[in-house]
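Biologist: Could we go through this model together? I would like to start with the charged pairs.

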Amino acid sequence: MRGIAPVPSYVVMQPTTLCNLDCGYCYLPARAVDRRMPVAVAEAVAAPVNGWARQGRFSVVWHGGEPLAAGRGHLGALLAPFDPTVEHHVQTNATLIDDAWCEFFTEHRIRVSVSVDGPRERNLERVSRGGRPAYDRIMAGIAALRRHGIPFSALCVVSRPEPGLAAELYDFFLELGCDVLGINIEETEGVNTRSNAHRPEQVSGFWAELVAAWRRAPRIHLREVEWSLRYAAAVLDGVEDDVLPRQLDPIPTIAYDGSVVLFSPELAGFSDPDYGDFTSGNVMETPLPDLLAAADRTRWVAEFLAGVESCRAQCPYFGFCGGGHAANRYFEHGRFDGTETDHCRNSKIRLLEGVLDHARHHGPTPA
Ligand code: SF4
């Protein structure tokens, strides 16, 4: 894996900066302000995306703020420039989902991923701007999805991995009815400056327990566990070099105003005296393919590429991880050319160790 791919596998779009919640671990700087993406920005992005979607599967991920806070009318206008072959995904806190939103998702064939952290007492960080727990509203939104037969994924943030939690979460998500589950160990990034350092055995134990829970009832696609098992199988087959893509996926995030931040949506809206505002240009001035072709001219991107090379040279987990995320390096180290972060320890190194620990003690996983 070397250099930056000229065509990303998906783009992230920010229809509004606003979020109706105010979660304790949120990284977004402008979530109290409703800055909406003009339709002209969507048109500028759709031009290359429609071409990419004609060559193969291509996705647009609508991410906020809370994307549903943009309203159905405006989100519909932003979707309109995209060809029907483009796949749309929305990452939502679910609190605004009702029957009308479900009809909208069905009409536009939007795949839904909801953010929920487990049972009620695990969602205490997810609160309204007035500090009221959001759990009941989240569950009402998910109930609407189920009523309408809309399949959904779930994204769960874990702040403190502790014994018993992984099994509890897995049982909750089985009951919830999601078909895919992603687990994020809380990250120190953006305006969230809380430490995410944990004892190694605590985190690898969490992942091992999650695999054990999944093996008892493997009815959910468990994102992190499937990544790990795919890598472990490739190592056993001697093809681990084929696991990572040939080039880094630039994953452009298009902020509400058309500015483009590469690799890490979490950097959008931030600036630094040395790195500036982290953008690589604006789709209202330069076509997205041209911005991608010149990506390594952005100073921090060049530094990040150097950091990825350091990871390749130093880290035994590189073949699994591919060099981690730019935002974690910046928010933990203040620069982009370091290597290990607490994030990669929690979510790559301990993940793989936990899955392998489980395999060592419990034998082969089900096919
Ligand atoms: S696990 Fe960390 S140090 Fe290793 S390649 Fe990934 S980001 Fe780099």
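Modeller: The conversation below covers salt bridges, cysteines, one glycine and the ligand shell. This is a predicted model, in which local features need pLDDT of at least 70 and side-chain atom pairs count only at pLDDT 80 or more, while totals for chains, interfaces and linings use all residues. Residues are numbered from 1 along each chain as its sequence is written, and side-chain values use heavy atoms, with hydrogens and water left out.

Biologist: How many salt bridges does the count come to?

Modeller: The count comes to 21 salt bridges, each being a side-chain nitrogen of Lys or Arg within 4 Å of a carboxyl oxygen of Asp or Glu. Side chains of opposite charge can pair when their charged atoms come close.

Biologist: What does Asp99 form a salt bridge with?

Modeller: The partner of Asp99 is Arg147, with 2.7 Å between the closest N and O atoms. This pair links distant parts of the chain, 48 residues apart: Asp99 is in helix H3 (residues 99-108) and Arg147 in helix H4 (residues 135-147). Helices (H or I, at least four residues) and strands (E, at least two) are DSSP runs, numbered from the N terminus.

Biologist: Is Arg147 buried or exposed?

Modeller: Arg147 is exposed, at a relative accessible area of 56%, whereas Asp99 is partly exposed at 35%. Buried means under 20% relative accessible area, exposed over 50%, and partly exposed in between, with a 1.4 Å probe and protein chains only.

Biologist: And Arg122, which side chain does it meet in a salt bridge?

Modeller: Arg122 meets Glu162, at 3.1 Å from N to O. Those two also link distant parts of the chain, 40 residues apart: Arg122 is in the loop between strand S4 (110-115) and H4, and Glu162 in the loop between strand S5 (152-158) and helix H5 (165-176). Arg122 is partly exposed at 29%, and Glu162 is partly exposed at 30%.

Biologist: Where do Arg299 and Glu303 lie?

Modeller: Both are in helix H9 (residues 299-314), four residues apart, which is about one turn of the helix. Salt bridges that share partners join Arg299, Glu303, Arg335 and Asp337 into one network. Between Arg299 and Glu303 the closest N and O atoms are 3.8 Å apart. Arg299 is partly exposed at 47%, but Glu303 is buried at 10%.

Biologist: Changing topic, how many disulfides are there?

Modeller: The count is zero disulfides, a disulfide being a pair of cysteine sulfur atoms within 2.5 Å.

Biologist: What does Gly141 touch?

Modeller: Leaving aside residues up to four places away in sequence, Gly141 touches Ala94 and Ile97, a contact being heavy atoms within 4.5 Å. Gly141 is found in helix H4 and is buried at 0%.

Biologist: Finally, which residues are around the ligand?

Modeller: They are Cys311, Cys315, Phe318, Cys321, Gly323, Gly324, Thr339, Glu340, Cys344 and Ile349, where near means that a heavy atom of the residue lies within 4 Å. Helix H10 (318-321) and helix H12 (342-362) each supply at least two residues of that shell.
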